[in-house]
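Student: I'd like a close look at one part of this model, packing and all. Could you walk me through it in one go?

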Amino acid sequence: MAIGTRVEHARKTLKAADAVCFDVDSTVICKEGIDELAAYLGVGEQVAALTASAMGGSTPFHEALAARLAVMRPSRSQLSAMLADHPPAEMLTPGITGLVQALTQRKKRVFLVSGGFRQMIEPVAAVLGIPKTNIFANNLCFDADGSFIGHDPTELTSRAGGKAQVVADLKVANGFSTVVMVGDGATDMEARDVPGGADAFIGFGGVQVRDKVKAGACWFVTDFQDIVAALE
């Protein structure tokens, strides 16, 4: 039996959608990118504690992001080495490739909207055939010698409510009448709950099941094949 507050609405909206926006970590890929990078740098536990604080809402999102990066301070060479050893494209969640293909075949635009880092998401997008211009994510900044400076604070996804704002802006900029958001987290669900935001939210629990999302999603799935089937 399908789970969700408005399952039929979500399926109809999906079929009519001009575009579908996906979260990346624990949705398009089966890992959390920032945690993978932190573990590679040997500061996994410290960063995980800061992530938990951010998820619990006790620390503002932009402060938690800055705090995690201050602990990590990845250089450009360290980031490149990590991506070579652990290619994000090898972390794809089962079924995502077929879903993106199904959406593209039906002339639906696909966007990646993430609180993760562009440098780690671009290889994923390349494998899925998603243009770089369709990525909205945080950007790591490096000095001329490759040492870490910080992140770009002008990116909408660097602060609370950023994903929802990206989706609303996309609708206006592209003249989309119908957009669906797909993701595992509460910040993804927010995209449905702002004026001019997503017209439906599909919660994804194939990697992590978050109770708030399972309870609040228009439609909650644990297998991308269910979304492909709804397109047919």
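This is a predicted model: local features need pLDDT of at least 70, side-chain atom pairs count only at pLDDT 80 or more; totals for chains, interfaces and linings use all residues.

Which residues does Ile121 touch, not counting residues up to four places away in sequence?

Tutor: Ile121 sits in helix H7, which covers residues 118-128. Leaving out residues up to four places away in sequence, Ile121 touches Val24, Leu112, Ser114, Gly116, Ile135 and Ala137. Its relative accessible area is 4%, and because buried means under 20%, Ile121 counts as buried. There's also Pro88: 33 residues separate Pro88 and Ile121 in sequence, yet their C-alpha atoms are 7.4 Å apart in space.

Pro88 leads us to the cavity. Searching the whole structure turns up 1 cavity of 30 Å³ or more, and the volume of the largest cavity is about 90 Å³. It has 14 lining residues, and Asp25, Ile29, Gly33, Pro88 and Met120 are the closest to its centre. Helix H2 (33-40), strand S2 (109-117) and H7 each give at least two residues to that lining, with H2 providing the largest share, 3 residues. Sorted by class, the lining of the largest cavity is made up of 9 nonpolar, 3 polar and 2 charged residues.

Now for the strands. S2 pairs with S1 in the parallel sense, over 4 bridges, and Cys21 has Phe111 as its bridge partner in S2. S1 also pairs with strand S6 (residues 179-183), again in the parallel sense and over 4 bridges; here Ala19 stands opposite Val179. In a regular strand, side chains alternate between the two faces of the sheet. In strand S1 (residues 19-22), both faces are covered: Ala19 and Cys21 are buried on one side, Val20 and Phe22 on the other.

Phe22 then takes us into the largest nonpolar core. That core has 38 residues, and Phe22 is among those that touch the most other members, along with Val28, Ile96, Leu99, Val182 and Ile227. Setting aside neighbours within four places in sequence, the contacts of Phe22 include Val28, Ile96, Leu99, Val182 and also Leu112. A second, separate core has 18 residues, including Val113, Ala164, Val166 and Phe201. As a general point, nonpolar side chains tend to be buried together in soluble globular proteins.

Conventions
Residues are numbered from 1 along each chain as its sequence is written. Side-chain values use heavy atoms; hydrogens and water are left out. A nonpolar core is a set of buried Ala, Val, Leu, Ile, Met, Phe, Trp, Tyr and Cys residues joined through side-chain atoms within 4.5 Å. Buried means under 20% relative accessible area, exposed over 50%, partly exposed in between (1.4 Å probe, protein chains only). Contact means heavy atoms within 4.5 Å. On a 1 Å grid over the protein atoms alone, a cavity is a set of points where a 1.4 Å probe fits but cannot get out, and a pocket is an open set with protein on both sides within 12 Å along at least five of seven lines; lining residues have an atom within 4 Å of a point. Grid points are joined across faces, edges and corners, and a volume is the space filled by probe spheres set on the points. Ala, Val, Leu, Ile, Met, Phe, Trp, Tyr, Cys and Pro count as nonpolar, Asp, Glu, Lys and Arg as charged, and the others, Gly among them, as polar. Two strands pair if DSSP finds at least two bridges between them.
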